[in-house]
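User: I'm new to this one. Can you walk me through it?
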Amino acid sequence: MAHAATDHEHHGPSNPVTKWMAGVWSSWENLFGMIGLTGESRRVVAVFALLMVFTVLTWGAYWVDTQFGDNQVGATDLTIGLLIATAKATFVLAFFMHMIHEQRTVYRVMLFTAFFFVALLGLNTCAFLDTPPLAKPMITDNPYKAHEAHGKGHGDHGDHAAHGDHADHGGDPAQPHGASSPAHADYDEATHGGHGKAQLSEEGYTDKIQPEAATADEVQPGGIVAPTEPAADEPDAEESR
Amino acid sequence: MEIPYTVTARPDTGMWNGKLGIWLFLASEVMLFGGFFSAYIFLRLGAGDAWPVHYAETHLKVWPGLLNTVVLIFSSMAMVIAWMKLKERKVKEFRVWLGAVLACAAAFMVIKLGIEYAPKFASGYYPKTSPFYSIYYTMTGLHGLHVLGGAIVLLYHGLCTYKWFPGYQVYRANPEQLANRVECGGLFWHLVDLIWIFLFPLFYLL
């Protein structure tokens, strides 16, 4: 074995792949030496190269999804993206911030912080997901037909008398909701499912929900539908209130 | 009177005071951005399918965000090397590497303000436009302010190595203390990089 080691020392690596790798490494050493990077600095540069690889992976995953995938953000996309980000963050913490060489006090501080950070995100998310969605009115192409369908279905409710003034406006969809504002009508629609109440004004209805018939021009970024302008021959919503 | 434990380690914590202080400050910064990330989760979950994802809706190009990521990661590396050079008392190399950090900070702000924010403002996309834009501007704007603040602090520490600068007294009296201050600034800088590592995929890719 010693004889083989001596041979290696005199003649260098014989394997061409190993030779090539030794050549590349000596070039890097020359480059590092030229720019004054020695010892620990080289490890920092190696970590930087690894972070670049992770960054390219992140972008690559996004590119593959847009080109060949469903181009939608699903659980897989989210998991891959956050996993790569967490890996990058770990390397930055460990090697750039020297967490691997730090005192226990720092570990305790960071552990404490991580616990509350996870609690902040996790508890809020769980609370949000546990909250049932708010009742929404049935969305059809004709909101007045949807309203009439709700009114017929709930006509026998005992509290119908409390909304007796609604009957006076039963046949006119453009008529405002008695003395109440359209917001009151929306409350009835959302919480009681519409107990035979008066018709909603067209302005109040389209302002509150996003109808399926909204065109691309009406939908602003963030999914907000621009309120439609009332037609010239329809009563002004502000005056009717 | 000399402030104790600016260089020597405290017997109870095992580190000099400034280091514990900066780690506690970083913990508070993590909670600050944690609140914003929580708000982002709320808004996104609440919007459901209406949350803008594609470029046609977000008007966010990926390449500026990717470039900013590369710039910040390189600046983090340069920050570590600058601190190492100062610890080895190689002042000229320290100035070069710290200059690289400050150049990266300037590049980040130019990309953020000039290439990303300015066209959006010109097109009428403000924080009030939609929940997406409000959280986008809030989080990236706050992050940009942190970049700016960190750059100012690092610039000050870099100027402390020049004889004509008033802060040179610290370097002349105790170079190790200046190195410790640079380390504190560097830790803050790495946190700024860390935050961007999570901001980039959340807004630009997902």
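This is a predicted model: local features need pLDDT of at least 70, side-chain atom pairs count only at pLDDT 80 or more; totals for chains, interfaces and linings use all residues.

User: How many helices and strands does chain A have?
Analyst: Nine helices and two strands. From the N terminus, the order is α-α-α-α-α-α-α-α-β-β-α.

User: And how much of chain A is buried?
Analyst: Of its 241 residues, 27% count as buried. The accessible surface of chain A is about 15,500 Å², with 63% of that on carbon and sulfur atoms.

User: What about helix 3 of chain A: what should it span, and what does the model give?
Analyst: Helix 3 covers residues 40-67, which is 28 residues. At 1.5 Å a residue, it should span 40 Å. Its end C-alpha atoms are 41 Å apart, so the two agree.

User: Which residues are buried in helix 3 of chain A?
Analyst: Among them are Val44(A), Val45(A), Val47(A), Phe48(A), Leu51(A) and Phe54(A). The list also includes Asp65(A).

User: Switching topic. How much area do chain B and chain A bury between them?
Analyst: About 4,600 Å², with 80% of it on carbon and sulfur atoms. The contact takes 57 residues from chain B and 49 residues from chain A.

User: How many salt bridges does the rule find across it?
Analyst: One. Lys19(B) and Glu102(A) form it through their side chains, at 3.1 Å from N to O.

User: Which element of chain B gives the largest share of the side that touches chain A?
Analyst: Helix 1 of chain B, with 17 residues.

User: And how many residue pairs are in polar contact across the interface?
Analyst: Five, counting pairs with both residues at pLDDT 80 or more.

Conventions. Residues are numbered from 1 along each chain as its sequence is written. Chains are lettered from A and ligands numbered from 1 in the order in which they are written. Side-chain values use heavy atoms; hydrogens and water are left out. Helices (H or I, at least four residues) and strands (E, at least two) are DSSP runs, numbered from the N terminus. The expected span of a helix is 1.5 Å times one less than its number of residues. Buried means under 20% relative accessible area, exposed over 50%, partly exposed in between (1.4 Å probe, protein chains only). Accessible areas come from the Shrake-Rupley method with a 1.4 Å probe; for residues, only the protein chains shown count as cover. Contact means heavy atoms within 4.5 Å. Buried area is the accessible area (1.4 Å probe) that two parts lose on being put together, summed over both. A salt bridge is a side-chain nitrogen of Lys or Arg within 4 Å of a carboxyl oxygen of Asp or Glu. A polar contact is a pair of N or O atoms within 3.5 Å; within protein, one must be able to donate a hydrogen and the other to accept it, and residues adjacent in sequence count only if both atoms are side-chain atoms.
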